[in-house]
Amino acid sequence: MSDKNKPEELKALEPILDETVVTDSPIANPADQGAWNKTQEAHQLKDGDSATHIGLPPGELQKLQAQGKAEKFEIFDPAKEAKLGPLENITIDGTVSDQFLKQLRAGIKEIPENERRFLEKAGVKIVAKDIVNGHAGSPAIYEPGSKKVVVGMAGFLEGGDSPTETNQTSFKLSTKNSDVAGSFKHEVGHAIFDTLKIEQLQELKAVIAEEKAKVRNDDKEALAHLLEEDDEIFAESYAFIRGRESPRVNALIMNFPRTIALIDDILRTNKDLNPQ
Ligand SMILES: [Zn+2]
């Protein structure tokens with residue numbers, strides 16, 4: 001390509017694109033290096049700084065904004081950045097992994113903010129725990145007394161046969177929580193059932209009873225735990241509405257479509273959950 005056919009922009013870049021290999025440091029002696037460092041001080045990051053909030057001094061930013069050039073800049077606001085949304089303040093009990101906390105936080109984000117605000121006001125708290133002991137070995141639990149939603153990395157259950165039997169067998173059962181967000185959502189369902197006093201809703205009670213009576217035999221095993229109490233049906237329906245997926249959820253959808261639709265309606269219209 002001859003020089004006169006080159007676009008102007010390319011010509012301007014030529015000094016930069018020069019392929020000469022630089023073998024020596026352009027700074028010849030330590031004094032020069034010191035002088036260079038001094039010029040860079042204004043641009044150095046302090047511990048805890050991020051590149052986004054040292055980029056431009058406020059004056060420069062204002063100049064650019066006056067020219068209509070800075071509208072795409074995000075102004076870093078440390079106070080705003082540190083503020084947690086409702087129910088995002090997790091209490092940690094024991095040693096838990098970052099991966100586990102990440103999954104739990106993802107689950108929290110999937111609960112709509114109005115519901116989290118309601119639960120926080122009602123005094124519900126979230127606890128991340130290494131091992132949850134009890135409650136049939138389930139790795140997550142809702143404690144109505146303390147209003148704690150406790151989610152464990154694992155569940156643990158120890159027990160034995162009735163002491164009146166002669167050949168006792170004891171057992172220890174430990175289960176890894178393979179669905180952190182899903183188990184969290186189920187327990188949030190319990191928390192809503194409790195704090196919103198769902199058991200008083202006669203219409204829901206009636207629909208659950210109707211569908212319970214018609215559960216397909218093939219699905220009775222998968223749904224056994226949920227069929228024990230109405231609040232279990234509610235908790236798992238809630239978990240499904242908030243995105244939980246599992247074979248048990250599939251069985252629930254097959255057998256409790258009207259229950260799920262009514263719960264969805266309650267969540268969208270309840271005045272305590274949706275204050276105006
Ligand atoms: Zn439950």
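Visitor: What covers the buried residues of α10 in this predicted model?

Guide: The cover includes α7, α8 (202-212), α9 (224-227), α11 (247-255) and α12. The buried residues of α10 are I233, F234, A235, E236, S237, Y238, A239 and F240.

Visitor: Which residues make the contact?

Guide: An α-helix has 3.6 residues a turn, so residues three or four places apart point the same way. On α10, the contact is made by I233, F234, S237, Y238, F240 and I241; α12 contributes T259, I260, I263, D264 and L267. The residues of this contact comprise 8 nonpolar, 2 polar and 1 charged.

Visitor: What span does α10 reach, and what follows the helix?

Guide: With 12 residues, α10 reaches 16 Å from its first C-alpha to its last, close to the 16 Å expected at 1.5 Å a residue. Just after α10, G243 takes a positive phi of about 105 degrees.

Visitor: Which residues touch the most other members of the largest nonpolar core?

Guide: They are V149, V151 and F184, in a core of 41 residues. Helix α7 (residues 180-195) gives the most to this core, with 7 residues. Leaving aside residues up to four places away in sequence, F184 touches L104, G107, A140, V149 and V151.

Definitions and conventions:
Residues are numbered from 1 along each chain as its sequence is written. This is a predicted model: local features need pLDDT of at least 70, side-chain atom pairs count only at pLDDT 80 or more; totals for chains, interfaces and linings use all residues. Two residues are in contact if their C-beta atoms, placed from the backbone, lie within 7 Å. Helices (H or I, at least four residues) and strands (E, at least two) are DSSP runs, numbered from the N terminus. Ala, Val, Leu, Ile, Met, Phe, Trp, Tyr, Cys and Pro count as nonpolar, Asp, Glu, Lys and Arg as charged, and the others, Gly among them, as polar. A nonpolar core is a set of buried Ala, Val, Leu, Ile, Met, Phe, Trp, Tyr and Cys residues joined through C-beta atoms within 7 Å. A residue is buried if 20 or more other C-beta atoms lie within 10 Å of its own, exposed if 12 or fewer, and partly exposed in between; C-beta atoms are placed from the backbone. The expected span of a helix is 1.5 Å times one less than its number of residues.
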